[in-house]
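Please read the following briefing beside the sequence and the coordinates. Its points are grouped by topic.

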Amino acid sequence: MKKIIADREIDVNEEGYLVDFKQWDKEVCRSLAEEEGISMTERHWDVIEYLQDKHQKEEPLSIRGIKKSGVINIKEFYSLFPGGPLKKSTLIAGIPKPKSCI
Amino acid sequence: MKNVVILGAGTSGTMMANHLESTLPKKEWKITIVDQYKTHYYQPGFLFLPFDIYTTKQVKKKGAKFLPKGVNYIQEKIDLIIPEKNKVVLADNRELPYDILIVATGTKTVPEEIEGMMSPKWYKNVFDFYTYEGAKALRDKFRTWEGGKLVVHITEMPIKCPVAPLEFAFLADSYFKNKGMRDKVDITFVTPLDGAFTKPRATEALHYLLEEKNIKEVTDFNIERVDYENNKIIDYADTEVEYDLLVTVPTNMGDPLLERSGLGDDLNYIPTDKATLQSTDHENIFAIGDATNLPASKAGSVAHFEAEILTENILRYINGEELKEEFDGHANCFIETGGGKALLIDFNYTTEPVEGTFPFPGVGPLKLLKESRMNHMGKLAFRWIYWNMLLKGVPIPFVDAQMSEKGKQLEKVK
């Protein structure tokens, strides 16, 4: 399905996650973050960059990964993306939500 | 004489020994397989053990029985892999040189990773069921348990057999119903993911199961510690879940051997090409099954499909040919839903589980993503298939290594 994000038509799935990472840029990112009630700071960008890098390398994302990332600790991760931090941060980063098999 | 060395004689290693023994020319290749344990466990059976559905005898056999005679089997602990010298060092200091190495050391549970999980309460009111010992201890506990808050919990992903915890919750519902004490048991499913089901089609088709069985869900729960003195688990957002009986799936990690040898990632899994199964760092080291870091399910069926493709790629590697980028992440799993029914799912890296018929398009007899008795019979029959066909590398009839899209209702997928 399509969704207007940052005045553009972007392809997303039922849950609002981007389907095509090529459509992601910082404008889209800011707009996605706003919808989640988050205003992007430098620390947010650090995390987004880390997540995208992991995703590109096809490494699974986890809280453990965050812990060992050297980018951020878990308490801060929770404070930057309150609620479900992995779920929200991946949505904003334009990458798929971490999943189980069904 | 050249050497192929297989590390681990579990599901993957045993299958590879059987495949290679029947494919590699015996005059040129010596096949050696190493495992520290004598016993081969039917791990899917650990799910049934706590509920007295399977006996201990049905889930363990002597591993050597499933290895072909032409293979050199060593029962010893592995100390180190030294890729630069193409050799493996065993705990008794024996050295095994290799031309090709296959890492099939699997994954194990590490409860020590979470503060308070491994405590004096371990196997008292905190259990795992991913080990033979845990499943058996839990069986004994259940036999006399008088009820209370049962919490089924996943520590972190990835885990072996991602649906097993959910199956456990379903089977617990049935078990306590049959004992006439379901009203005394409160079942809660706690997951770090955002739902018991996380794929849209499965959520749509299966969420009714949780409601029907009155299983509560706590989602997005990333555990920080177990407060074993006060019987609660606490996550990083300070959410607390109380339990009387905690059944957890601890952190899953690859074998410490990979960490010692400098070959593992954060979780001791070996970085592996997801289509060819060659390790990323060394061209003569291949990996299969739970030991890899592939974004596929850690499950025996996945290992089975990988084994066929890995065998072919090893032959290609020997002949100096380009490796086939053929593995598509194919998994095929029966999911117990309790009450003598089960679901069947068939999926790969890119296609989520959908409805349809399997293995014959339009005919079945098995139905995908729908509960049926036939699927449950399939799951029980699989134990026989495992011991008699799968381990020996006999192809499962009508099911290919690569996923088939036939008979599946794919059109709804966006």
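**Overall size and model basis**

Chain B has a radius of gyration of 21 Å, which agrees with the value near 22 Å that a compact globule of 414 residues would have; the radius is taken over C-alpha atoms, and the globule rule is 2.2 Å times the number of residues to the power 0.38. This is a predicted model, in which local features need pLDDT of at least 70 and side-chain atom pairs count only at pLDDT 80 or more, while totals for chains, interfaces and linings use all residues. Residues are numbered from 1 along each chain as its sequence is written, and chains are lettered from A and ligands numbered from 1 in the order in which they are written.

**Chain B as a whole**

- Chain B holds seven helices and 24 strands, where helices (H or I, at least four residues) and strands (E, at least two) are DSSP runs numbered from the N terminus.
- The C-alpha trace of chain B spans about 65 × 55 × 40 Å along its principal axes.
- In chain B, 48% of the 414 residues count as buried, meaning that 20 or more other C-beta atoms, placed from the backbone, lie within 10 Å of a residue's own.
- Of the contacts in chain B with a separation of 6 or more, 65% are between residues 24 or more positions apart; a contact requires C-beta atoms, placed from the backbone, within 7 Å.

**Domains of chain B**

- The domain assignment gives domain 1 (2-44 + 60-106 + 255-318), domain 2 (111-252) and domain 3 (329-414), with bounds that come from an automatic or database domain assignment.
- The centres of domain 1 and domain 3 of chain B, taken over C-alpha atoms, are separated by 26 Å.
- Domain 1 of chain B gives 19 residues to this contact and domain 3 of chain B gives 14 residues.
- On the domain 1 side, H1 and H6 of chain B each supply at least two residues, and H6(B) has the largest share, seven residues.
- By class, that side of domain 1 of chain B has 10 nonpolar, seven polar and two charged residues; Ala, Val, Leu, Ile, Met, Phe, Trp, Tyr, Cys and Pro count as nonpolar, Asp, Glu, Lys and Arg as charged, and the others, Gly among them, as polar.

**Helices H1 and H6 of chain B**

- The axes of helix H1 (residues 11-23) and helix H6 (residues 300-318) of chain B come within 9 Å and cross at roughly 35 degrees; axes are lines fitted to C-alpha atoms over the stretch in contact, and angles run from 0 to 180 degrees between N-to-C directions.
- Residues making the contact include B:Met15 and B:Leu20 of H1(B), and B:Ala303 and B:Leu310 of H6(B).
- By class, the contact of H1(B) with H6(B) has eight nonpolar, seven polar and no charged residues.
- B:Thr11, found in helix H1 of chain B, is buried because 29 other C-beta atoms lie within 10 Å.
- Leaving aside neighbours within four places in sequence, B:Thr11 is in contact with B:Gly289, B:Gly300, B:Ala303 and B:Leu391.

- Chain A has five helices and two strands, in the order β-β-α-α-α-α-α along the sequence.
- The radius of gyration of chain A is 13 Å, in agreement with the value near 13 Å for a compact globule of 102 residues.
- Buried residues make up 34% of chain A.
- The contact between the chains takes 20 residues from chain A and 26 residues from chain B.
- Helix H4 (200-212) and strand S22 (341-347) of chain B each supply at least two residues of the chain B side.
- The chain B side has 16 nonpolar, three polar and seven charged residues.

Methods
Buried ≥ 20, exposed ≤ 12 C-beta atoms within 10 Å, placed from the backbone. Contact = placed C-beta atoms within 7 Å.
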